[in-house]
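Subject: Structure handover

Hello,

Here is the structure for you to look through. Please open it first, then read my notes beside it.

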Amino acid sequence: MGVRSYNEELQYLERISPVAWKIKKGFVANMKVEGIFYVNSHLEKLMFDELRNFCRPGTIGGFLPGMKQIGNVAALPGIVSRSIGLPDVHSGYGFAIGNTAAFDMDDPKAIVSPGGVGFDINCGVRLLRTNLMEKDVQPIKEQLAQSMFDHIPVGVGSKGIIPMNARDLEEALEMGVDWSLREGYAWAEDKEHCEEYGRMLTADPAKVSMKAKKRGLPQLGTLGAGNHYAEIQVVDEIFDKSSASKMGIDSRGQVCVMIHSGSRGFGHQVATDALVSMEKAMKRDQIEVNDRQLACAHIHSQEGQDYLKSMAAAANFAWVNRSSMTFLSRQAFAKAYNTTPDDLDMHVIYDVSHNIAKIEKHFVDGKEKMLLVHRKGSTRAFPPHHPLIPVDYQLTGQPVLIGGTMGTCSYVLTGTEKGMMETFGTTCHGAGRALSRAKSRRNLDYQDVLNNLADMGISIRVASPKLVMEEAPDSYKNVTDVVDTCHEAGISKKCIKLRPIAVIKG
C-alpha cells in the first residue's frame, strides 16, 4: 500500500471534545482498538504538522509521527479499551513518549513490550518541600546551587559517591527504598510517599545480566545527563489550597527541591537485553507487529516474565537512586544553612514514575479486569480514596509531579475519577520535546540560553555545555499547555505551580 495523502489520513481522525481526538481503526493496519490523543489548539498544530511532514512524498527515515505510533500500539495483541496519547506525546522508540496502553492479563495472547516502558526504566520525579522561603535562599542562592552541584554527581560518566559493592547492588535491586532506609540514606516516612512504596516486590536480580549490573554499580546516586536535573524551586501559584496544604505547601514563595532521574545505564541495559530476547520469542510465537521497534513477548511467556522481573529490579534501582540524591540534597542544604535536614522540614511530598509497566485493576466495559498498564512518558494519577495511594492523600488524590524543562515552571497535579475511567488513571509527565536534540544544537546558541536563564534570575550549574542547547525551553512544548490540556480534559487537576531559581544539570 502506498503512503496515503495528508487529506486521506485526516479521514481517520475525529475531534471528540475541545481537547481530544479519536484515531479510528484503519489509520494503520490491524488496529484492534481505537486511539485517542489529548491536545489543546497549540499542541494540536504540532501533532498535525508532524503528520503532514510524514505524508510528504520522498520522506524517509526518522521516527514515525506520534499519531502513527499511537495507532501501531492499538494493533498490539491483547490491548484493551484504546491506545492513549497524552498532551506531551512525541515520537519515541516503538511507543510514542507520552503513550499509555493496557493489556489484559487473562488474554494468553496479550503482550509486554519494553518499547512501552522506555530505556530509562522508572525515570521519574521526586519533590521535597522545605520550610524556607525565597527570601531565605536569594542571598546564598549561588552557594546553594554550587553546594548541590558539589554533592550530587552529574553528567554522562558520573560515578556515585554512596559506597556500593556487588552485594549491596543485589540487595538494592531487590529492596528498593528499603535498602536506602536500612543503610541510613532515607527517612522512614520517605517510602510512604513513593509510588509502590519505593519497592516493586516482583524484582528478581537473578534475571538481570552481568553487563547491566556492571553498568549500574558505579552509577547509583548519580543524576546522569539528558533531561535529568535537580532544581531548587519556589511555589509560584496555588490552585487548590486544601490539597496543597495536605502536601505541606502553605504559601507562595515556599522553597522546594525537585529531582528528575531514572535507572541510568542499568535500566538501559535491561531494556536492550529484553529487546534481543523478545525478537526471538516473536519468531517462535508468531507475534505480528506493525513496527519492529515494538518487539514484545506474551506476558506469561518466559521472556515476558523475565523482563517484568528485571524491569522491577531496574525500577528499584531508580528509587534507590532518587533516595540517594535526596540524601545528598538534604546534606547540601543542611551544610549551607548550618542546621539539620529535619529542622529544614525536608520531607518528600511524593515520588512518581513515568516509565514503567504495572499490573493494576481497572474497569473495562463495566467489568473489573487485571491489566498490565504500560506508561511511557506518562504518570500514574489515581483518584481520591484509591487503595494504592498514601493515607495522607486519600482525600486529595495522588500527587502527580510534572517536571518542566530547564528554566520553565513545573506543576503538581492530583489524580481524578475521570482519569481513572478514561486513561487508566494516567496523565502527562512533562513538556514533551518539540525539537530533536540535533536540531536544538543547530538552532540554539549556548550563551543565549545561559543569558536568558540569568535574565530570569535562574542560577545554573551544568556539566556539559552542549546539553544546555538540547534542554533549552525552546526545544520543548510549553509545559503549561500540556498541563492545562490535562486539567481541561479532567484527567488530572492543577494543584501547585513551581518556578525554578537554580538548576543542576548533567
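Below are the notes on what was found.

First, the ground rules. This is a predicted model: local features need pLDDT of at least 70, side-chain atom pairs count only at pLDDT 80 or more, and totals for chains, interfaces and linings use all residues. Residues are numbered from 1 along each chain as its sequence is written, and side-chain values use heavy atoms, with hydrogens and water left out.

The sheet

Start with the open sheet. It has 7 strands, in the order β1-β2-β3-β4-β5-β13-β12, and the pairing is mixed. The edge strands are β1 (13–17) and β12 (355–364), and each pairs on one side only. From one strand to the next, the twist averages 25°. Strands here are DSSP runs of E, at least two residues long; helices are runs of H or I, at least four residues long; both are numbered from the N terminus. Two strands pair if DSSP finds at least two bridges between them. In general, strands of a sheet pair through backbone hydrogen bonds, either parallel or antiparallel.

Now look at one pair. Strand β5 (residues 97–104) and strand β13 (residues 367–376) run antiparallel, joined by 6 bridges. A102 stands opposite V373 in β13.

Helix α2 (residues 41–55) lies across β1, β2 (20–23), β3 (34–38) and β4 (79–90). The helix runs at about 170° to β1. Such angles run from 0 to 180 degrees between N-to-C directions, with axes as lines fitted to C-alpha atoms, for helices over the stretch in contact. E44 is found in helix α2. E44 counts as buried because its relative accessibility is 16%. Buried means under 20% relative accessible area, exposed means over 50%, and partly exposed is in between (1.4 Å probe, protein chains only). Leaving aside neighbours within four places in sequence, E44 is in contact with R15, W21 and V39. Contact means heavy atoms within 4.5 Å.

A buried loop residue

F95 is found in the loop between β4 and β5. F95 is buried, with a relative accessible area of 0%. Not counting residues up to four places away in sequence, F95 touches several others, including L76, F103, L294 and H374. V73 is another that F95 touches. F95 and V73 are 22 residues apart in sequence, but 6.6 Å apart in space, C-alpha to C-alpha.

The annotated sites

Which residues does the UniProt annotation "binding site" cover? The record, an unreviewed entry, gives C123, H260 and H354. They are spread over 232 residues of sequence, yet they cluster in space, with a largest C-alpha distance of 10.3 Å. UniProt positions are given in the numbering used here, feature names are shortened, and annotations may be inferred rather than shown by experiment.

C123 lies in the loop between β6 (111–112) and β7 (124–133). C123 counts as buried, at 5% relative accessibility. H260 lies in strand β9 (residues 254–261). H260 is buried too, at 6%. Among the contacts of C123 are H260 and H354.

The UniProt annotation "active site", also from an unreviewed entry, covers H429. H429 is found in the loop between β17 (426–427) and α13 (437–443). H429 is buried, with a relative accessible area of 11%. H354 and D88 are among the residues that H429 touches. The side chains of H429 and D88 make a polar contact (2.6 Å). A polar contact is a pair of N or O atoms within 3.5 Å; within protein, one must be able to donate a hydrogen and the other to accept it, and residues adjacent in sequence count only if both atoms are side-chain atoms.

Best wishes
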